[in-house]
Amino acid sequence: MLELKKGIDILAEVGGIRTVDEARALFELKCDQENLAKLSKITNEEALLKIANAISMTDPDTVFVNTGSDADVQRVREMSLEKGEEQPLPMKGHTIHFDLPQEQARIIDRTFYIVNEGEKVSVLAKSILRDEAYEYVKTYMAGIAKGKTLLVGFFSRGPIGARAAIPALEITTSTYVMHSANILYRHVYDRFDEEVQRAGLFFTNVHSEGPNRPEDLPKARVFMDRSWLTTFSMFCTYAGNTLLLKKGNHRFAVDLATYYRREQELSEHMFITGLTGPGGRKTFFAGAAPSGCGKTTTAMVGTDFIGDDLAQLWIAEDGTLRAINPEVGIFGIVQDVNRESDPYLMKALREEGAEVIWTNVLIDENGVPHWVGDGEEHPKRGVNFQGEWWEGKTDENGKPIPLSHPNARCTVANKFIGNYNEAAAEDPRGVEIKVITYSGRDSDTMPPVWVAKNPDHGVVIGASILSAATATEVGAKGVRRQPWANEPFIPGPLADYMDAQFAFFNSDKLKHKPVMAGLNYFLTHEARGGGGNGLLGEKRDVKVWLGWLERRAHGEVDAIETPIGFIPKYEDLRELFAGIGKEYPKELYEKQFTLYVDNILARIDLQEEAYRKEVNIPPRLFEVYAEQRAGLEALKAKYGPIVSVAQLIEAAEESKVLGRNAFP
Ligand code: SPV
Ligand code: MN
C-alpha cells in the first residue's frame, strides 16, 4: 500500500517556506508587478507553498508565471531563442533543440522513486530512501537556478473537468521544457483552484538543467516522490527526464489508479485512436506498446486520432469503458516517419502551419531537419545530436554515427495532425473504448493479431509483452519483459498493478467489456521458414489488423479458437486487405498465423519463471498460463510443434464435437 503525505515533504523542507504569508513575501521579492499579479489569482494554499518552496530552494533571479495566455506562450518561445536552448529554423514556427550527446534518452540508471522505510517498489525499478533523497536535493538543487529565470506553469492532464484529469504544476528553469509543456498540455491557470478541488489533488514538478554541461551528467537525477506527488529533476534536458508532467506524473497516476481508485480507473502507456467502420460508425481503441515499438504509428492509422502515448481510463456510470488523453500533443520518435507510412504526421512536419520543436535530428546547411527513414534525399553534412556531422563520420569506436539519433523526436500539437478528432479528444466524458491492444517487438513468436478469450486472458496478454531494447533508454540492450508496456512507469510491485488490472477488467461495473487483443508487427521471414530478418508485414497492414478488431468488437467476424485466443479467418483478412488495395496471399496468411508452439511455450515458461520470483502475484495469472500450456501441449502431441491454421480449425471443431470448450 502506498501512503500519501508520509515522511518529510522534501520540497518544503529544503525550501523552508511554511506559511502563505511567507510565500507571498517571497513572491514580492522575486516577481515583477506583472508576474506578481498573475500569481495573486491563485488561492490554493498548498499550490502557493509548492511554488514558493521551489523558488526558495532553487533561488532564481526572477520568476515568470506562464498563464497560457497567447502573450505568455509567445514570451516562452522568445525566451527560449534568447537563451539559446532552441534555435530558430527557416520554416515558420520550427525550432531545433539539442540534448547533450550523452543524454539522448531516459536516464534509467539515474531515475529513482523516493520511498519511505519499508515501502516496496517494483523489482524492475530503482528507489532511494527519503532521507538520502532529501540530502541529494538539498545539496544539488539549492541555488541551482541562480542567475536564471524560474518558469511556473499550471496544466491539466486531461480535458478540464474529466473524471480522470489531474492538474499539475511545471516549475523549471528550462525554457525548452516550458515551451514543450505549452505544446503538449492544456493550460488550467484560470481554473486551477477549482480543478484541484474537484480532483482532490495536484502534481508538482521541479526541474533545472543547471549549467547543462556533459561533466554534470553523472550527477543528473530524476526523483519521484510518490508520497508527496512531487518530482525533482536536475542537470539534464531530454524531455523524458525533465518534462515530468509526462512520465513522472504518469507514474503518480499509475499509483493512484492502483492504490486509490482500484476497480475504477487505470493509467496506461497507451495510444487512443478511432477507426471508422461500416456505415460510418466510429470505434475507439486504446493500445499499449513499449517505447519505440510503433505506438505513434498505430495511433496515426486511425481515422480519429486522440493521443499517442498515455491514456487515463475509467468505468463510467453507464458501464462503458472511457478514456482521455492527458496530453494534447506528441513527443514522437521521428525515425522512420515518412510520407508513405505516416502521411498526416509528415504533412505537419514538412509543410508550413504547425509549431514544431525538433530534437536531435540533423539540420542541413539550409536549416532543414533530416532523419533516418524519412524517405527523402539526405544531405552529406550538417549538425546533429553530436555536433558537426558528415557522411561516413565515425565515433571513438569506429562505428558510423547515424544522420540522426534513433530517439530523435518532434514535439507538435495534435491539432496540426490531419486525423486528430479535437472535439472527441476535448470531451470531458472521454471516448468509449471498445478495443484494447497490447503489442511489443517480437520477431519469432506471436501472430500479427489474436483476441483474448476473456478478460483474464486479456490481462495476461498485457502481462506478457516482450520487446527488444529500443533507443528510448540510455544503455538499454537485449530482449526485455515489458509488462503492459507500462513497466518503466509502474512504481509499486507488479503484483499490485496486476491485481488492479484483473479487478478492473473483470468488474461487474464494466458492463461493456472491451475486446482485448495482442498485436505483433515484427514477425520476420526467418522465423517462418523464409530467409533474412525482413518483416513479414509492412506498416500499412496495421490498418487491416485494427480493421479486423473493429469488426470483431461489433460481432461481425467469426474467428478460430486456439489455446492463446481467437485468430482471424483468411477470408475476412483478404477482404480487409483488398480495402487497402493489397493482395493477401493465402501463403502469407499461413506464415503469419501458423502457431509455432515451442516458441509460445518457451515464452510462457520465461514469463512464468519471472513472475514466480515475485511475491503476491495473483494466482489467476498462473492459471491462465497453465490453461494455455495444456492446450498448446495437446496441439503439439497431435500435430507436432508447428500447427497450421487448417489443423487449428480441425482441433477446434473436434473439441466442439466432443462437447467441451475448444481447449482446456
Ligand atoms: C517514451 O519513451 O515512452 C516516450 C518519451 O514517450 S519519454 O518522455 O522519454 O517517456
Ligand atoms: Mn511513451
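This is a predicted model: local features need pLDDT of at least 70, side-chain atom pairs count only at pLDDT 80 or more; totals for chains, interfaces and linings use all residues.
Local features need pLDDT of at least 70 and side-chain atom pairs count only at pLDDT 80 or more, while totals for chains, interfaces and linings use all residues. Residues are numbered from 1 along each chain as its sequence is written, and side-chain values use heavy atoms, with hydrogens and water left out.

View 1. K247 lies in helix α10 (residues 247–260) and H269 in the loop between β12 (265–268) and β13 (270–276), so the pair ties together parts 22 residues apart in sequence. Helices (H or I, at least four residues) and strands (E, at least two) are DSSP runs, numbered from the N terminus. K247 is buried, with a relative accessible area of 7%, and H269 is buried at 1% (buried: under 20%, exposed: over 50%, partly exposed in between; 1.4 Å probe, protein chains only).

**View 2. Contact of helix α18 with helix α21.** Y589, E590 and F593 in α18 meet V645, A646 and L648 in α21 (contact: heavy atoms within 4.5 Å). These residues divide into five nonpolar, no polar and one charged (nonpolar: Ala, Val, Leu, Ile, Met, Phe, Trp, Tyr, Cys and Pro; charged: Asp, Glu, Lys and Arg; polar: the others, Gly among them).

**View 3. Contact between domain 1 and domain 2.** In this pairing, 36 residues of domain 1 are in contact with 37 residues of domain 2.

Notes:
Chains are lettered from A and ligands numbered from 1 in the order in which they are written.
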